[in-house]
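Please look through the structure below before reading on.

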Amino acid sequence: MGGLRTIPSALAIMFVMSSLNVYIAVDGLDMNAIDAELQAAQARWALNKPHSYKFELERSCFCVEDFRGPFEITVHGDVVADVQFMATDLLGNDMSDELRGGISTVEGLFSKVKAEVQRGTAPAALEAQYDTALGFPTRIEIDRAAEIQDDDLTYLVTKFRSLV
């Protein structure tokens, strides 16, 4: 019977620890530091930005597969020139214009971080990682409300390459 009492205690401790982590994530955001990192990354990008480039983008969210990707995005100048959906569309259809609308350049990814910084209310969690040489975002994680389980959105940039 003593063993049965330890299980609820262990669950209670796990819940408290889980709640503490959420609390730290909510109250631990330093939006000034996040904005300063963003500005430093944008400055690196402005100095090193290739005229044309290609990268893969994958979004992780509670959403349809066609929105998540992965996508291969080609940019010429400041314009998305081509988007290739890398996964198999379950319906065999081309990607809709609505889904293409969320696809952007590196500048568009920067603007997603900036929008969260300027929103007025801090998100529950916001983390952005940037390429150390070129400055483009490699990962952006956004959780607007800690109490909502399916509102998280992560952007993952891989296979970035300059086109000659």
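A salt bridge is a side-chain nitrogen of Lys or Arg within 4 Å of a carboxyl oxygen of Asp or Glu. The model is a predicted one, in which local features need pLDDT of at least 70 and side-chain atom pairs count only at pLDDT 80 or more, while totals for chains, interfaces and linings use all residues. Residues are numbered from 1 along each chain as its sequence is written, and side-chain values use heavy atoms, with hydrogens and water left out.

A search of the whole structure gives eight salt bridges. One of them joins D35 to K114, with the closest N and O atoms 2.8 Å apart. D35 lies in helix α2 and K114 in helix α5 (residues 106-118), so this bridge ties together parts that are 79 residues apart in sequence. Helices (H or I, at least four residues) and strands (E, at least two) are DSSP runs, numbered from the N terminus. D35 has a relative accessibility of 15% and counts as buried, whereas K114, at 22%, counts as partly exposed. Here buried means under 20% relative accessible area, exposed means over 50%, and partly exposed is in between (1.4 Å probe, protein chains only).

K159 and E56 form a salt bridge too, their closest N and O atoms being 3.7 Å apart. This pair links distant parts of the chain, with K159 in strand β6 and E56 in strand β1 (residues 52-61), 103 residues apart. K159 is exposed at 54%, but E56 is buried at 12%. R139 and E141 also meet in a salt bridge, at 2.6 Å from N to O. R139 is partly exposed, at 28%, and E141 is partly exposed, at 27%. Salt bridges that share partners join K49, D78 and E107 into one network.

Next come the aromatic rings. A pair of aromatic rings is described by the distance of the centres and the angle of the planes. Rings of Phe, Tyr and Trp (its six-membered ring) pair if their centres lie within 6.5 Å; planes under 30 degrees apart count as stacked, over 60 as edge-to-face and the rest as tilted. By this rule there are seven aromatic pairs. Why is the pair of W45 and F160 edge-to-face? Its ring centres are 5.9 Å apart and the planes stand at 80°, so the pair falls in that class. W45 is in helix α2 (residues 31-48) and F160 in strand β6 (residues 153-163), 115 residues apart. W45 is buried at 3%, and F160 is buried at 18%. Ring pairs link W45, Y53, F55, F136 and F160 into a cluster.

In a regular strand the side chains alternate between the two faces of the sheet. Strands pair if DSSP finds at least two bridges between them; β4 and strand β5 (residues 137-143) are joined by six and run antiparallel. Y130 stands opposite P137 in β5. The hairpin of β4 and β5 has six residues between the strands, and G135 there takes a positive phi near 95°.

A nonpolar core is a set of buried Ala, Val, Leu, Ile, Met, Phe, Trp, Tyr and Cys residues joined through side-chain atoms within 4.5 Å. The largest one has 29 residues, of which F55, L57 and V113 touch the most other members. Elements that give two or more residues to this core include α2, β1, α5 and β4. Leaving out residues up to four places away in sequence, V113 touches I34, L38, L126, A128, Y130 and I140, where contact means heavy atoms within 4.5 Å.
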